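Please open the model in your viewer and keep the selection panel at hand. The stops below go from a pair of strands to a helix residue and then to the core.

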Amino acid sequence: MTDTIYESPGTGVKAGEGGMLFRSIGWKDAFWMASGVPALVLFSIGGIAATVGNPSWVIWMLSVTFGFIQAFTYAEIAGLFPNKSGGASVYGAAAWVRYSKIIAPLSVWCNWLAWTPVLAIGSGLAAGYILNSFFGADAAINAWQITLVDLGFVNEGLTLRINATSIIGTVILLGVFAAQHHGISRAAKIQTFIGLAVLIPLLIVGLVPLLTGDVLNANLMPLLPSSGAWDTNGWTLFLGGLFIAAWSTYGFETAVCYTSEFRDPKTDTFRSIFFAGLVCIVIFSLVPLAFQGVLGVEGILQPGIVDGTAVAGAMAHMVGGGSAVAAIMVVMLCLALVLSIMTSMAGSSRTLYQGSVDGWLPRYLSHVNEHGAPTKAMWTDLGFNLILLMMSDYLFILAASNVCYLVFNFLNLHSGWIHRIDSGHVERPWKAPNILLWLGGILAFFNAMLIGAGANVWGEGTLRTAIFAILLIVPVFAWRHWVIDKGKFPHEMLEDLTVGGVDPDHGKRKAGFLPYLTIAAGIAVVVIANQMFQLS
């Protein structure tokens, strides 16, 4: 790869067919683009608390700590690719492609399947907040729906339907699309203003109950799961909580999605993910603690808490101040969800875009418009999520997508040491301490255990559905690689195999059998955990 591509701020980076992404942002812009991640706490805070019980606040603290440790591996591998966008899955795929043509696109595909449902779930929750605020939970408009397809064969009670939530959610998605149509620089400016309006209420929700003494020790202790004991059921619920929390708490790795749009990728990459991680530690620790401490188990089991539609109202009343303050808080929490949608659309569309440029995904996805926005990837995101938005169980969608996320997580944490072995001679803008790289590898296997132990806590068909979705990459990649590209990768992707220019060991598998052994061990961990941890 050449250095001249990113010497001048504001210049373009060649993007394959259809245009280029522009180098127009710094680490602060990427930080604000990732500022929607703390709002992901709203997606599953009710579901985790209602399912696991008192230990739910501990789950959030543990999970965000794991995510922060893992971020250092992502920061290192992102620095190796100053001309790529799309996030850690794209950078990790360059490590795996030497060992298997199918594992590399699997990583990119799983990351997209994990991030894209944020659009549907976030817009659905925001629509629910709006409907509950204007009409009340028992209003007829909330009960109206037209059922299109019964999906009970996928998961019990799941349907595809049109209702007020899906209609309002569609309007929200179209608004986010319009905001991002003019490129990353303008989108970052919009998110800066929304981010300030969002992080402040989340901090208020986390701090005010602690300062006023409304967080009661009796609501936090004893640390017994909802099953009543730390038996197999209890540990299964706890691991299920860690499983679903990971979808939110690990998400700030999206800050490295914009490496090819940084003016100075050598310094901006690490700073963006580090400071995004610090903010997430604060929010994901304080908000669940206050939520659990104020409401207690009885409050958590109220209607609307599990599916998330009543979470905004509950949080608004936690800070007091009467109906006016509560209304303002609900509006700001709606903005928080919009921010998370913007973060997801920006990151997931760039994953599709870079996957296309590198030869993993269909060619049309590499198109960008005159503003440097990957619009065809954005339209694909939008169309897919309009279908998800009509599904009746958002928590099931979240759980299935999280299986994909943890598969991506496993592959990319291990790509850190694979890059060290295969490209150890290459200078890294930032190099993770060895202990953090080791801890990342250990956490990768821990997350594999969470897949096996925790996925089906959220529905019997969760793991099965996720595996089916993951395997869809096989025909997609086969068509692009063997039919369209005649078995050859694009020049841009082949350049990255050397990760630093031409060298005599181009493409050599220096790690030997270790990557294959790692995959086999990961599958074994999933299977064993699935057999050991079952709800009776």
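**A strand pair**

Begin by selecting strand E3 (residues 145–150) together with E4, which pair in the antiparallel sense over five bridges; strands (E, at least two residues) and helices (H or I, at least four) are DSSP runs numbered from the N terminus, and two strands pair if DSSP finds at least two bridges between them. This is a predicted model, in which local features need pLDDT of at least 70 and side-chain atom pairs count only at pLDDT 80 or more, while totals for chains, interfaces and linings use all residues. Residues are numbered from 1 along each chain as its sequence is written, and side-chain values use heavy atoms, with hydrogens and water left out.

Within the pair, Thr147 stands opposite Arg161 in E4. Strand E4 (residues 159–163) is largely enclosed by the rest of the structure, because four of its five residues are buried (under 20% relative accessible area, with exposed over 50% and partly exposed in between, for a 1.4 Å probe and protein chains only).

**A helix residue**

Next, select Ala276, which lies in helix H12 (residues 265–300) and counts as buried at 4% relative accessibility. Leaving aside neighbours within four places in sequence, Ala276 is in contact (heavy atoms within 4.5 Å) with Phe31, Ala34, Phe252 and Ala255. The C-alpha atoms of Ala276 and Pro38 are separated by 9.1 Å, although these residues are 238 residues apart along the chain.

**The core**

Finally, select Phe291, one of the residues with the most contacts inside the largest nonpolar core, which has 168 residues; such a core is a set of buried Ala, Val, Leu, Ile, Met, Phe, Trp, Tyr and Cys residues joined through side-chain atoms within 4.5 Å. Helix H16 (residues 394–422) gives the most to this core, with 17 residues.
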